[in-house]
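Please keep the sequence and the model in view while reading.

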There are 2 protein chains.
Amino acid sequence: MFIIGKEEKNYEIDEKGVNNLRGLALDMIVNAGSGHGGIILSSAPIVYTLFKYHMNIDINNLDFVNRDRFVFSAGHGVPLLYGIDYFLDLLTLDDLKSLRKINSKTPGHPEFGTPLVDFSSGALGQGIATSVGYAIASKYLDKKTNNLVDYYTYVLCGDGELEEGITYESLALAGTLNLNNLIVLVDLNEVTLDNKLNVSSSEDLKKRFESIDFNVIECDDSVKNINESIETAKNKNDKPTVIFIKTKIGLYSKYEGTNKAHGMVPDAEDLKNIKEKLGLFESSFTVNASVVSEFKEEVLERGKNKVLEFEEKYQKLENKDLIDKIIQNKNTYSLGNLDIEYDRKSLRELSGELLNIIANDFDLLIGGSADLSSSCKTNLKEFDTFSSSNYLGRNIYFGIREHASAAIINGMALAGLRPFTSTFLVFSDYMRTGIRESALMNLPVLYIFTHDSITVGRDGPLHQPIEQLTSLELIPNLKVYRPFDLNELIGCYKEIFEHKNPSCLILPRESKEISEYTKSSGVVDGIYEVIPNDTDNFINLIANGEELGIVLKVSKNLKEIGVDNKVFSIPCKKNIKINTNELFMGRKTIGITLGSPNYFFNITNDVIGMNEFGKSGSNTELLEEFGFTEEKLVNQILELLKK
Amino acid sequence: MFIIGKEEKNYEIDEKGVNNLRGLALDMIVNAGSGHGGIILSSAPIVYTLFKYHMNIDINNLDFVNRDRFVFSAGHGVPLLYGIDYFLDLLTLDDLKSLRKINSKTPGHPEFGTPLVDFSSGALGQGIATSVGYAIASKYLDKKTNNLVDYYTYVLCGDGELEEGITYESLALAGTLNLNNLIVLVDLNEVTLDNKLNVSSSEDLKKRFESIDFNVIECDDSVKNINESIETAKNKNDKPTVIFIKTKIGLYSKYEGTNKAHGMVPDAEDLKNIKEKLGLFESSFTVNASVVSEFKEEVLERGKNKVLEFEEKYQKLENKDLIDKIIQNKNTYSLGNLDIEYDRKSLRELSGELLNIIANDFDLLIGGSADLSSSCKTNLKEFDTFSSSNYLGRNIYFGIREHASAAIINGMALAGLRPFTSTFLVFSDYMRTGIRESALMNLPVLYIFTHDSITVGRDGPLHQPIEQLTSLELIPNLKVYRPFDLNELIGCYKEIFEHKNPSCLILPRESKEISEYTKSSGVVDGIYEVIPNDTDNFINLIANGEELGIVLKVSKNLKEIGVDNKVFSIPCKKNIKINTNELFMGRKTIGITLGSPNYFFNITNDVIGMNEFGKSGSNTELLEEFGFTEEKLVNQILELLKK
């Protein structure tokens, strides 16, 4: 039998293999009636070569902790990956025939749950940044485990995708951090959905990647050259690498090389024609058995060796604690007794102290800020800066790159860590798609957003969030916490770290208040009674965050003038499970918020909130201007009671 | 008298002038008690030189249509601009002393309403992209008016700001379009808020700008060298230019050159010390009279010449129609009788036809897409591609740069045009901050978002908007239109172009329906009755967009089984002025949406909506899976009626 070794490869059979993969993936989209034929025909050799000769995976244990990661950032090409799954017996022909059908294992873009999918991709740019997160996590884990975790992260994108801002943000950071475990594979087809790429971009891509400290390799789309390019990238090993692979979108189709190839599903004639040029039989869903068996053998063998190597190193490792947590997916943490003093510190300072207490005991916690750690108080004091010279550092300076920071922590969470990032609440707008990915994949990431309302000082409307609290709340799965004081803050941190949900912790800039009535346990229920009523004739007042401080005073004022009331806090709306109507006992219920009134949807329609942008001014001026002083609120509430 | 000519400049007095500006701006933030001392000390020579020797403005007519534009992207340095305003008698000392006070002319970041402010900035990156929009608009207008509109756009940012993804997106486009009327001034201080810049970025900035076809100039922070660099940029004239000006953040302060300088307000001792080094008197709010008078004279003189030159050219211009519209700010358009056939076309195709009808008659309309014009149907068929070889083109290929496209159309609108951009609704998440800027400045921009629900075909959850409709609705000032059919679509286009509001037009991928009951005029009211009740015992059903089509069928079904009902459409929630409670006559009212139920806040709490992400599948499968078939909806409504 002919042995495929490193030196001697049977590239002839590989070219046949690539065409088999092309044909199979085309059959899938033709069968589904929709899909993206262009990238199937251009990227097939890249996906094929990567998996045949490089990806270290254990097909008997897909969760193998030291497996190489593959992020299919150009997710619309996913039928190629499903083809690889089929080559490796990880999907059946029936699965392939269910492409794009509901609840199948083969959705239209890569989604968790399908073998070999390391990231749910499809929103362009996200995969690139998430792969940087994988690479960061791997560097950290590797250092922490005496070089046990040394996997590569490969990410595949089209050249058009490189127009997305988040790709610049994240790759510039990868260069700065010298992530030589990251290899970016670019399908250089010079076409976007709408036009030739050069209509929207005259960028010199090679120079671009040199400017951010990447090795740049260029090659054509033969298996041999792709393989050798990846080999070179791994051997050079001094920097992250980008490989530009010159391809033809929609190769051999009637739309070859044009933007019409992007979403193309070949018609019968075109399919026949393409298959002929690919040297394939016309019959659908057939592959060459020897191609497949050789492919599988190569992947199996390499994977087995990698697992053995890992096992050996693992046995020798003295402290297995961290890696065991990763292997067993034990990434929650229970806060014990806390040694924290209120001492009239602001809530964001107290948050910083809690974060540090956890970090000191929980080495999966690592994160940073989009250049606002000093304002968000998210610096981990006992730890260094994560940098190319110190991958044990646990403070990541993401730079003024909010969006990338979100997608990067997604990758870190996928790698088993409990990462966080931080910025001002208003700048969460920059990160929406990254946050949505966290929610979609239900990743245990933490967003710490401070400066959470108009009371951010005098910086004005562009720094003053109005709609952000509610618009985050709208994202499915995402838990949004907004505590009022230290008591609730502790409850939030407990909840967040005892569970694995994507979470936002939203904090004010200034509030230093604390109440004897608030409680940590209220966070679990989402809503709870802070101040009880004294009589049978009462109204309900609801708020969260810093507004609760004002409402507590308003409550007292109202009671003094004979308007009895209960006060409720909502530290986490998504935690509410009870029927709030019963809680409110049919009484008039008024929500008070410095943000969009919509936050109170399904709780109450009587809301005193903000439907306009803020202004630059002192907090006192602002609360007066927008009607949030004690006196004005009392009057507004009395007005509402007349209705 | 000493005449300041082009050859002979008194740079000595200028250096004094720069220090005067520094002192004045420092006095402002000390007086305000907050602000950003770092950039005041570093950027002063840039702002000073630009305004003294280059900005063509008419201080007697600040709206002069051919004035140079200055976008202060690093908006936290705005006291410098207020200082220039004071030099030019455009603000008083009292104004300067009101810095950061509510409702003053001198808010904490640049806001419209203050003289010389061409953009409300402060969210980093936005100003850069918006300046690209200004430059695009100027190229278009210049070509349309026989070279009448030839202003420069200058944008000032810090080097840290260049980490933002939107700066790469927009500047790469500027290079591609060869916008030689754009000059980017970078305060190269090598420090960010959190750290040294090199901790988060090792990028070679010079190479970066070369890779996107910019001229690159480097200089120190002397007035002479800054002036000559700008002069060179204008003379070269073959490409856009970036000028890196080496500065020291917080110069002469105790935090000089460190990140602590960013938000620094000097204490008394430090202020004294700085002023001493600047050669200034200690007394606050004093400036050298001869510096100021010479400054003003220079600016006045140059501006006068520029106006004269413009007037001369203007008189010679044959067709003044377009420029007059710009000068008079007449950027609305009234749709006349429409020659449009329904012909079972999809709503997005019909939208494309309407957009074309308007474009053919209204030359202020220009726009494009973030690489989805073919899907969003926003191509203007009678016009060419806007490119470096054809600035008369009216189709802009923004590239896969959603965020930049938003901020760029803001700049185009600021320049007097009626621009639009388009993409899929789910990708509006990439553009949030740009959209928020449109809303904050109330700019007449149009966002066309298609593929507006789970029924986007089989692409899966990352392509399926859930929370986006509501989260856009939350943004103050932003009008969000979601028509059901051609009748309502016409109403939307009328409303949009007859007014000057920032607008989103949200359209489905597939719906081809039309109803005999819908009406264009319903858009003005925001909500209107589509199907009346037949008896006195009825319920209300409400929907918009494609859901209305399902609800119309459900309505019929319900009537057939004896549940009488009214159907309402909400083509534009923000247009609703009437009390909906009265409209609903106290009857059970049920909202039906394929998005977040919160959309119906303040309308009804009984909502059948989506609180989870979508799935990959056919539309039929999806509607079945999530309960939006006629039968399932009828059953859900009957259930709700039991409560």
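## Two helices of chain B

In this predicted model, Ile13(B), Lys16(B), Gly17(B) and Asn20(B) of helix α1(B) are in contact with Val291(B), Glu294(B) and Phe295(B) of helix α11(B). By residue type, this contact is made up of three nonpolar, two polar and two charged residues.

Two packed helices are described by the angle between their axes and by the distance between those axes. Helix α1 of chain B covers residues 11–32, and helix α11 of chain B covers residues 289–316. Their axes come within 9 Å and cross at roughly 105°. Angles of 65 to 115 degrees count as roughly perpendicular, and α1(B) and α11(B) are therefore roughly perpendicular to each other.

## A parallel pair of strands

In a regular strand, the side chains alternate between the two faces of the sheet. Strand β1 of chain B, residues 69–72, can be read with this in mind. Arg69(B) and Val71(B) point one way from the strand, whereas Phe70(B) and Phe72(B) point the other way. All of these residues are buried.

The partner of β1(B) described here is strand β2 of chain B, which spans residues 153–158. The two strands run parallel and are joined by four bridges. Within this pair, Arg69(B) stands opposite Thr153(B) of β2(B).

## Where chain B touches chain A

The contact between the chains involves 89 residues of chain B and 89 residues of chain A. On the chain B side, several helices each supply at least two residues, among them α6 (165–176), α8 (205–211), α16 (432–440) and α22 (619–625). The largest share, eight residues, comes from α6(B).

Sorted by type, the residues on this side of chain B comprise 28 nonpolar, 35 polar and 26 charged.

## Domains of chain A

The domain assignment of chain A gives domain 1 (14–308), domain 2 (347–506) and domain 3 (525–642). The C-alpha centres of domain 2 and domain 3 of chain A lie 27 Å apart.

How many residues of domain 2 of chain A are in contact with domain 3 of chain A? There are 25 residues of domain 2 in contact with 25 residues of domain 3. On the domain 2 side, α17 (468–473), β10 (479–481) and α18 (486–498) of chain A each supply at least two residues. The residues of that side divide into 11 nonpolar, six polar and eight charged.

Definitions and conventions
Residues are numbered from 1 along each chain as its sequence is written. Chains are lettered from A and ligands numbered from 1 in the order in which they are written. This is a predicted model: local features need pLDDT of at least 70, side-chain atom pairs count only at pLDDT 80 or more; totals for chains, interfaces and linings use all residues. Axes are lines fitted to C-alpha atoms, for helices over the stretch in contact, and angles run from 0 to 180 degrees between N-to-C directions. Angles under 35 degrees count as roughly parallel, over 145 as roughly antiparallel, 65 to 115 as roughly perpendicular and the rest as oblique. Two residues are in contact if their C-beta atoms, placed from the backbone, lie within 7 Å. Ala, Val, Leu, Ile, Met, Phe, Trp, Tyr, Cys and Pro count as nonpolar, Asp, Glu, Lys and Arg as charged, and the others, Gly among them, as polar. A residue is buried if 20 or more other C-beta atoms lie within 10 Å of its own, exposed if 12 or fewer, and partly exposed in between; C-beta atoms are placed from the backbone. Two strands pair if DSSP finds at least two bridges between them. Domain bounds come from an automatic or database domain assignment.
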